[in-house]
Amino acid sequence: MSGEEKKRRIVPIGPYHPLQEEPEFFKLIVEGETVVDLEIHIGYNHRGHEFISPELTYEQVPFLVERICGICSNSHPLAAVLAIEDCAGIKPPPRANYIRSIIHELERIHSHLLWVGLAGHFIGYNTVWMWAWRYREHILEVFEMITGNRNHYGANKPGGVRWDIKPEQIPQIEAVLNVVEKKTMMLTKAVLDDPVIRARLEGVGILTREQALQWSVVGPTARASGVDIDVRRDDPHAAYDQVPWNVIVLPEGDVFAKAKVRLLEIFESVRIIRGCLQNLPEGPIDTRIDEVPPGEGIGRTEAPRGEVFHYIRSDGSNRPLRHKIRAPSYMNIASNVVAVRGGSIADAALTLAAVDPCYCCTERMAAFEDGKMKFTGNELLRLSWEKTEKIRERFQ
Amino acid sequence: MSESLKLFLEQFPDTQVFEKNPRRLYLTIPREKLTAAAKFLHQERGMRLSIATGIDTRHGFEVLYHFSEDTTGIIYTVKVFAPKDDPRIEAQGSWFPAAQWIEREMHELLGIDFVGHPNLVPLLTSDTDWEQGRYPLRRDYERRNEAHER
């Protein structure tokens, strides 16, 4: 390699990232093809929820925080109502707890399928993308049946849930679960057995266990690095301590492990939903909260991407005095600084996306400013596809 | 009493403990002891930093570091106070990467000075035309009709 090529250059990804819904700006600092450092700029999508929330009543707050994320739109309201209930010291009725778990796990299934689909698209496996999104659709139909919406379910309120699951809906939900489980099993086997996918994803973007602890990452990102944490088990809420299920933990820390954790978690979610549907207790779905006394409360739950954390300070009025919100990606994105180091540009965008930081606008990004090279979103995709293609040729 | 709390109180006997419920503990300590306390919780007890919360109250700033002990499901919230006229707190981001972002955020939204932070530049408003030094989460923040002004 000549001295010219060894010079450091900057490859900007974003603020419109090829894989991510929220605008984020990653400055990759590269030497030749190797990424040596990363700078992250966020704030393009800052909407001031923590500022708005103290102006709303406790009944309104779940509707506000539901709009934080379109994919995990149940996690934030659930954590917020858990914080309000913690502050007020009340417990929702058992039936509400079970329904909360059912909605929350359905959301995890659709979110993980979405990620698997996009990850497949990104490495050039568009069949995986089509499959995963096709079966995700059934889950959205279940949401529409239960809550009337495919997204933004409005399911949680302080003291309980807004939507009941009717007895005649249970067989329909179970039928969908059977289809999704069968098809996801097929997809999982196809993905995990594919030598090309293995070669493409194994050893890419490794986050070691020590780094995961240092950066306090959460969710599948942590569990794929051998950190055995899951708020559903560790800090039981809703009905998670009432039904049998397992936490999936893998030691490798690479993108393949992250994909595998998410795929296997889908089956655990199916188990949780089945268990909850079978044991769904009778009774009311909400309790009345007369007042939220002065004090503080913490609510947290395991979103598809990891722990969602809400803190509420009350002064005894019907509005929170302070509402702190922390989404899982806040911890996970920061850890990209160590995960992309030493990898190639073709792997960088994949590694950045492997923490699943909510994405949808697939093909928009800024051009390279060096004057010589120019990467658009499509070109990054092409780079990634070419690498997969090379690996595929090696296997033939 | 949980094992970690017992050891914490041995190390920091002047802690005020408030037990909201068995899984939500609030530990108020003098701000000089914050680094030692955070190092004890993370390095010796293996806790994860969930997040930190900054609050502007009538009596000054409160900064809450929420540590999660995942083996027991307990959240240990370490609470420190900083007076309005001297809003300085030792930065935890200097030794704990997980605290870097949130300290930058509290610095720009509340105006708390984190002493020793490796990179205390604004996190959310660095690439905007937001006027630095206006702290929207402070009690005396004046709401202006930005659209009208333009």
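H5(A) passes H12(A) in a left-handed crossing, meaning that the near helix is turned anticlockwise from the far one by less than a right angle (clockwise would be right-handed). This is a predicted model, where local features need pLDDT of at least 70 and side-chain atom pairs count only at pLDDT 80 or more, while totals for chains, interfaces and linings use all residues. Residues are numbered from 1 along each chain as its sequence is written, with chains lettered from A and ligands numbered from 1 in the order in which they are written.

Helices here are DSSP runs of H or I with at least four residues, strands are E runs of at least two, and both are numbered from the N terminus. The axes of H5(A), residues 94–122, and H12(A) come within 9 Å and cross at roughly 155 degrees. The two helices are therefore roughly antiparallel to each other (the label for angles over 145 degrees). Residues of H5(A) that meet H12(A) include Tyr98(A), Trp115(A) and Ala119(A); contact means C-beta atoms, placed from the backbone, within 7 Å.

H12(A) itself covers residues 255–278 and reaches 35 Å from its first C-alpha to its last, close to the 34 Å expected at 1.5 Å a residue. Because 17 of its 24 residues are buried, H12(A) is largely enclosed by the rest of the structure. Buried means 20 or more other C-beta atoms within 10 Å of a residue's own.

Now for a loop. Ser73(A) sits between helix H3 (61–66) and helix H4 (75–88) of chain A, and counts as buried, with 22 other C-beta atoms within 10 Å. Its C-alpha is separated by 5.5 Å from that of His152(A), 79 residues apart along the chain. Leaving out residues up to four places away in sequence, Ser73(A) touches Glu66(A), Asn151(A), His152(A) and Tyr153(A).

Chain B has 4 helices and 7 strands, and its C-alpha trace spans about 60 × 30 × 25 Å along the principal axes. Of its 150 residues, 37% count as buried.

Where chain B meets chain A, the contact takes 23 residues from chain B and 25 residues from chain A. Strand S3 (residues 48–57) gives the most to the chain B side, with 6 residues.

Here is how two contact surfaces divide by residue type:

Methods
Two residues are in contact if their C-beta atoms, placed from the backbone, lie within 7 Å. The expected span of a helix is 1.5 Å times one less than its number of residues. A residue is buried if 20 or more other C-beta atoms lie within 10 Å of its own, exposed if 12 or fewer, and partly exposed in between; C-beta atoms are placed from the backbone. Axes are lines fitted to C-alpha atoms, for helices over the stretch in contact, and angles run from 0 to 180 degrees between N-to-C directions. Angles under 35 degrees count as roughly parallel, over 145 as roughly antiparallel, 65 to 115 as roughly perpendicular and the rest as oblique.
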